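This briefing summarises the computed features of one protein model for a reader working from its sequence and coordinates. The overall fold is treated before individual residues.

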Amino acid sequence: METPPIKLAFIVDNEVADILHTDERLSAIFLSNPKIVDITEKLNNNPGIITPGMIYNPETDEYYMPEQESNNV
């Protein structure tokens, strides 16, 4: 099995902590300086509650669909 074409190094305190072999889509996400949030507990308690495309509100730690934005801001 061939490894994905993009290799990203995760640097922590100027040290390579890990290397991720990934595709162009995920590498573009990582290289856009995203906010990364641990949603393990939320998904373990309610699978499917958070899906791609949802909006994250960091003040309330809540996720909602874009059409609900005016109600949650």
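This is a predicted model: local features need pLDDT of at least 70, side-chain atom pairs count only at pLDDT 80 or more; totals for chains, interfaces and linings use all residues.

Strands are DSSP runs of type E with at least two residues, numbered from the N terminus. On that basis, Ile 11 belongs to strand 1, which covers residues 6-12.

**Overall form**

- The protein contains 3 helices and 4 strands, and their order along the sequence is β-β-α-α-β-β-α.
- The radius of gyration is 16 Å, whereas a compact globule of 73 residues would have a value near 11 Å.
- Along the principal axes, the C-alpha trace extends over about 45 × 30 × 25 Å.

**Burial and contacts**

- Of the 73 residues, 8% count as buried.
- Among contacts with a sequence separation of 6 or more, 3% are made by residues 24 or more positions apart.

**Nonpolar surface patch and Ile 19**

- Ile 11, Val 16 and Ile 19 make a nonpolar surface patch of about 270 Å².
- When residues up to four places away in sequence are not counted, Ile 19 touches Lys 7, Leu 8 and Ala 9.
- Ile 19 and Leu 43 are 24 residues apart along the chain, and their C-alpha atoms are separated by 26 Å.

**Asn 57**

- Asn 57 is located in strand 3, which comprises residues 55-57.
- With a relative accessible area of 12%, Asn 57 is classed as buried, because the class requires a value under 20%.
- The side chain of Asn 57 reaches the backbone nitrogen of Glu 59 at a distance of 2.9 Å.

**Points to check in the viewer**

- Which residues does Ile 19 touch, not counting residues up to four places away in sequence? They are Lys 7, Leu 8 and Ala 9.
- Which backbone nitrogen does the side chain of Asn 57 reach? The backbone nitrogen is that of Glu 59.

Methods
Residues are numbered from 1 along each chain as its sequence is written. Side-chain values use heavy atoms; hydrogens and water are left out. Patches are made of residues with over 30% relative accessible area and no salt bridge: like charges are joined within 9 Å, nonpolar side chains (Val, Leu, Ile, Met, Phe, Trp, Tyr) within 5 Å. Accessible areas come from the Shrake-Rupley method with a 1.4 Å probe; for residues, only the protein chains shown count as cover. A salt bridge is a side-chain nitrogen of Lys or Arg within 4 Å of a carboxyl oxygen of Asp or Glu. Contact means heavy atoms within 4.5 Å. The radius of gyration is taken over C-alpha atoms; the globule rule is 2.2 Å times the number of residues to the power 0.38. Buried means under 20% relative accessible area, exposed over 50%, partly exposed in between (1.4 Å probe, protein chains only). A polar contact is a pair of N or O atoms within 3.5 Å; within protein, one must be able to donate a hydrogen and the other to accept it, and residues adjacent in sequence count only if both atoms are side-chain atoms.
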